[in-house]
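Visitor: I'd like to learn how to read a model like this one, feature by feature. Could you walk me through it?

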Amino acid sequence: MHAKGWKSVYVPIVLTRGLVPATMSAYYAQQLKWARGTLELLVTSYPALFRSFTWRQRLHYGTIPLHYLSGIVFFINFLIPILSLFTGLIPFRVDVIDFALLGLPAVTAIILIRHFVQRWVMEEKERGFHVVGGLLLIGTWWIYILGLVYTVIRKKVPYIPTPKDESGPDHLELNIPNIIVLLASLAAIVYGLWYDWNPYSLVMAGIAGINCLIMTFNIMASLRLRRLSEKYQWLRVILVYPLLLKKQLWLFRHLHLYAAFRKLGLPLLLAVVLLTGYMTTSHPEPAVEPPPPTHQQSTFYTGIFSPAGTDGLSSLQQVKDYQQQFHTRFNIISLYIPWGDAPQCNVPDSLINAIYNNGSLPMITWEPWTNLFDSAIANKELSKGQRVFAHISAGFFDQYLLRFAARIKSLNRPVFIRFAHEADNPAYPWSATGNNTPEQFKAAWQYICRLFNRNGVSNVIWVWNPWHAAAAMDYFPGAAYVDWIGVTGLNYGPQNENGQSYTFRELYAPFHRLPVFRSGLPVMVAEMGSLRAAGNQQRWLEDAFTSINDQFPEIHAFVLFNSPEDKNILRPVAGNRLNWQLEEPGKVFAAATQYARIRNSSKVPAYGAIAPDPAPTGVTANIALPGNIRGINYQKGENWFRNLHALTRREIEKDFTGMKALGVNTIRRYGPGVYDHNILNVAKEMDMNIHYGFWIPEITDMQEQAPMLATLRTTILEQVASLKQNRHIVAWNIGNTVWQQLSKQYYKPELLYRQQSFVTWLNSLTTAIKAIDSTRPLTIDVALNGNISGTLALLHRQLPQTDAFGIVIGNDTTGLGQLASIALPFYISRVPVAAYACIPGQRPSAFITTWQDLETRDFVTFDGLIDHQGRYKSSFYQLGHLWNKNFKTQGIPRIHILRPARTTWANNRLTYHALVYNNNEWKTADNNTPLKFEWYLVKTDHYGNSIFLKKLGTGAAVTISIPENPSRYRLYLEAAKDDHVATVQSTLNTPL
């Protein structure tokens with residue numbers, strides 16, 4: 001009729017009522033007739049009549065039959081998770097959040113449409129979301145497919161009126177298709193999660209589980225629950241709760257949703273679609289947050305040297321008088337102690353204890369005079385104060401040093417020791433005047449530090465104090481042997497050669513320009529003051545405070561030189577004494593408190609005793625690691641959320657196959673993690689050993705983070721207990737160098753207490769691990785530094801349960817020569833291939849940095865043996881040659897980035913070219929080369945860590961718009977050929 005021009009009008013009046021099928025068999029029969037009839041019209045009548053329809057009628061009649069093709073859609077929905085779980089294949093690789101976003105428009109459309117159409121419902125009781133109808137629709141999938149098949153094979157379905165009562169039989173055999181889907185989904189869930197447990201299989205298992213519930217509902221519906229509920233009381237009780245929930249949903253929809261969705265349905269759907277499109281297609285760069293403030297930034301100490309005589313010892317009575325009279329406090333009390341056998345060379349116990357009781361710490365300026373030793377009289381050089389450093393390194397003073405070290409250790413509280421200050425000052429015999437060289441000074445300094453360390457003296461804070469900036473770097477003994485840098489900030493005024501005064505800024509500025517003074521080591525003005533004879537002492541000190549507070553953030557302490565009788569004169573003066581005493585101490589102390597940084601000194605706590613090293617437990621940690629470990633850190637997918645890599649079983653097998661070809665026999669993996677199940681099973685099948693590690697997160701405050709550490713401890717111990725029977729786990733590891741990283745947050749003395757608190761927790765953890773599993777070695781990571789032997793000795797005393805230490809090595813190879821002198825059991829826990837190749841002599845067991853470059857939404861690395869796409873990098877082949885001289889070579893030349901000779905201002909468009917090294921020369925690449933060039937922009941954070949990777953394009957050159965803050969960006973270039981790749985990174989600017 002429509003084809004002949006008739007029009008239809010919708011009349012919203014109920015003329016007659018229909019009844020729905022009362023049984024599932026009747027419902028299936030009805031749906032089969034409707035599906036067969038509608039599809040028959042689609043393939044026979046509609047093609048002949050379509051030309052006669054209006055466009056609206058064409059749309060209407062053309063889309064109605066598609067409803068009955070939903071059976072195919074539902075069948076695919078059942079089939080995908082089943083196949084995925086049985087085969088281990090991921091049908092659709094997408095980020096979890098993106099997956100949810102992509103499904104959001106469809107879910108929103110279903111909800112909105114179902115509520116929007118309520119406007120055409122005739123009667124109130126017909127309104128609703130019709131969940132049951134939707135579930136029945138899904139369960140009728142096989143009926144719709146059967147109707148399609150009947151249409152294709154031209155099989156007719158006879159018309160039999162649909163029964164509207166419950167008189168007909170149940171025909172339970174009609175549930176067989178749904179039972180098959182139910183059983184297949186259950187089997188897929190069990191097998192899939194057993195064989196390949198990963199987040200994506202869990203998602204597939206979740207979808208399959210939903211399908212199981214839907215199939216169960218349809219099977220239960222066919223059992224006529226009304227009859228069963230009349231028969232069984234417990235079923236009637238259970239069915240009450242869904243009805244109550246349905247009632248509440250009914251009220252909620254009627255009161256709130258219907259009217260809103262009628263008016264806003266389409267705009268809401270469009271908004272969701274646009275939002276989803278934006279969030280899935282845009283990849284905003286993560287913001288670079290400023291680094292959180294550290295305790296170091298607010299740390300400040302004030303001190304004083306205030307002697308009553310010429311013995312070099314501060315008078316605590318004077319100090320207390322100042323404190324009480326002017327309401328001030330000194331964190332450091334300075335005293336000078338010479339070397340020797342004389343009584344004044346001993347540690348003054350009563351004074352030291354009084355200093356501690358004052359809430360202060362002593363700073364001992366330890367002067368290596370030699371004429372006070374009885375044994376030096378017969379020594380031609382030492383009797384004249386000559387070559388003291390050479391004699392120290394030769395062990396001549398060992399007895400004295402051991403005696404002094406034992407006394408310092410017995411204090412059991414922090415002590416600043418300022419050894420051989422101003423070693424470049426010709427006024428002292430330990431300078432070049434006494435035939436000493438900078439190299440001898442550094443060797444002697446390191447010798448003493450190691451001697452103290454060997455004897456368990458860990459409460460010393462070493463202060464290195466040069467005299468002039470010009471010679472300072474020649475005398476620097478190394479950051480591993482220095483805790484604080486000291487400087488002398490004294491204005492001699494008329495004592496100077498030109499008779500002029502110098503401000504503190506003028507005195508310190510040459511030191512400030514030295515790199516070591518801005519390397520992160522705290523600086524202390526160990527002697528600060530201005531001669532009374534220089535005049536304007538109060539103004540000089542106020543200017544000094546201003547400079548320290550505003551211009552020199554590396555300075556975190558000053559010690560006022562308040563001596564009235566200084567014998568170190570530069571030129572003749574009456575009485576041969578210099579007077580540095582404060583003229584107006586009250587004004588000086590008041591002026592200091594005007595500056596925020598200096599005021600922080602009032603917040604410094606009174607430091608108590610340092611916890612002693614753990615007492616011997618009788619259990620000796622001596623379980624050796626397996627020999628000749630050729631290992632690699634397998635970090636891929638450790639943080640699975642929003643990760644580029646999914647560690648399916650197939651992926652792990654592929655990685656392990658590549659590792660085996662390289663010669664890897666052990667991986668190091670941190671857990672517990674969602675991929676442990678897969679990794680442990682594949683390791684067993686492929687005979688790969690595992691050094692199982694636990695990553696300790698960054699610690700800033702043990703007290704605040706105590707709940708987190710308690711939870712972590714429980715997790716670690718539970719994991720050790722659950723995995724100790726796995727024979728492929730060859731050792732346990734505590735990862736991350738937290739003990740050392742605390743030095744980035746705190747300075748000594750505060751650092752000593754923070755480290756001790758962490759070591760106490762760590763010792764408790766290692767003891768508990770050993771109690772659970774005493775058969776495997778337990779290792780702890782330590783970063784390579786300039787005194788690695790001393791660091792390991794200290795940690796070995798504090799962590800006696802440790803069987804071996806893992807040395808973490810970065811790209812800096814300057815300390816590799818120390819490895820041969822390490823006496824304690826160790827291996828290399830992490831090392832780049834380039835640094836591993838530089839290790840002299842026989843290389844120890846080692847784990848290469850990582851197998852593959854990593855990428856998440858806010859974290860990117862480039863130190864893997866294969867790149868993000870799984871292609872082999874040059875480091876892969878370099879390592880292969882180190883382990884096997886006959887290993888195959890890479891067929892890709894080296895590459896480089898040619899930067900434009902232009903300024904990299906933000907928003908400038910600059911072109912960068914790829915360079916290729918061929919025939920012993922660099923040449924500009926062109927697009928005819930067999931290499932495929934891929935360009936990326938890398939964003940870094942404040943510390944230089946890569947946090948974002950954006951692909952720019954392909955080709956031998958790339959033109960980019962320079963981003964804001966170009967110093968935070970780098971270019972990353974890959975040249976790929978087959979499964980091989982060469983890589984290089986470069987800053988955006990051309991250095992001048």
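Visitor: Let's start with a strand pair. Which residue of strand 26 stands opposite Arg 909?

Guide: It's a predicted model, so keep that in mind throughout. The general idea is this: strands of a sheet pair through backbone hydrogen bonds, either parallel or antiparallel. Here, Arg 909 has Ser 961 of strand 26 across from it. Strand 22 (residues 909–918) pairs with strand 26 in the antiparallel sense, over five bridges.

Visitor: And which residues of strand 26 are on its covered face, and which on its uncovered one?

Guide: In a regular strand the side chains alternate between the two faces of the sheet. In strand 26 (residues 957–961), Val 958 and Ile 960 make up the covered face. Ala 957, Thr 959 and Ser 961 make up the uncovered one.

Visitor: Now for the barrel. How many strands does it have, and in which order do they run?

Guide: Eight strands close it, in the order 9-10-11-12-13-14-15-16, and the pairing is parallel. On average, neighbouring strands of this sheet are turned by 25 degrees against each other, direction ignored. For a pair to look at, take strand 9 (residues 630–633) and strand 10 (residues 666–670): they run parallel and are joined by three bridges. Within that pair, Gly 631 faces Thr 666 of strand 10.

Visitor: Which strands does helix 26 lie across?

Guide: Helix 26 lies across strand 12 (729–735) and strand 13 (778–783), and it runs at about 150 degrees to strand 13.

Visitor: Is Thr 760 buried, exposed or partly exposed?

Guide: Partly exposed, because its relative accessible area is 45%. A polar atom of the Thr 760 side chain also lies 2.8 Å from the backbone oxygen of Gln 756.

Visitor: Let's turn to backbone geometry. Where are there cis peptide bonds to look at?

Guide: One runs from Gly 671 to Pro 672, with omega near -5 degrees. Pro 672 sits in the loop between strand 10 and helix 23 (676–686). Another cis bond goes from Lys 748 to Pro 749, with omega near 15 degrees. Pro 749 belongs to the loop between helix 25 (738–741) and helix 26.

Visitor: What about phi? What is the value for His 327?

Guide: Phi of His 327 is near 55 degrees, a positive value in a residue other than glycine. You'll find His 327 in the loop between helix 12 (316–326) and strand 2 (332–338). His 327 counts as exposed because its relative accessible area is 74%. Asn 435 is another such case, with phi near 60 degrees. That residue is in the loop between strand 4 (415–419) and helix 16, and at 47% relative accessibility Asn 435 is partly exposed.

Visitor: What is Ile 392 in contact with, leaving aside its neighbours within four places in sequence?

Guide: Its partners are Trp 339, Phe 397, Leu 401, Phe 419, Ala 444, Tyr 447 and Ile 448.

Visitor: How do I read the buried side of a helix? Which residues of helix 18 are buried?

Guide: Look at which way the buried residues point. In helix 18 (residues 504–512) they are Phe 504, Tyr 508, Ala 509 and Phe 511. These residues lie on the same side of helix 18, because they cover an arc of only 160 degrees around the axis. Among the elements covering them are helix 17 (469–475), strand 6 (484–491) and helix 19 (537–550).

Visitor: Strand 6 has Thr 488 in it. Which side chain does the Thr 488 side chain make a polar contact with?

Guide: That of Glu 422, at 2.6 Å. Thr 488 is buried, with a relative accessible area of 16%. Leaving aside neighbours within four places in sequence, Thr 488 is in contact with Arg 418, Glu 422, Asn 465 and Glu 527.

Methods
Residues numbered from 1 in each chain as written. Predicted model: local features only at pLDDT ≥ 70, side-chain atom pairs only at ≥ 80, totals over all residues. Heavy atoms only, no water. Contact = heavy atoms within 4.5 Å. Buried < 20%, exposed > 50% of the residue type's maximum accessible area, 1.4 Å probe, protein only. Polar contact = N/O pair within 3.5 Å; in protein donor to acceptor, adjacent residues only side chain to side chain. Helix = DSSP H or I, 4+ residues; strand = E, 2+ residues; numbered from the N terminus. Arc of directions from axis to C-beta. Pairing = 2+ DSSP bridges. Axes fitted to C-alpha atoms, helices over the stretch in contact; angles between N-to-C directions.
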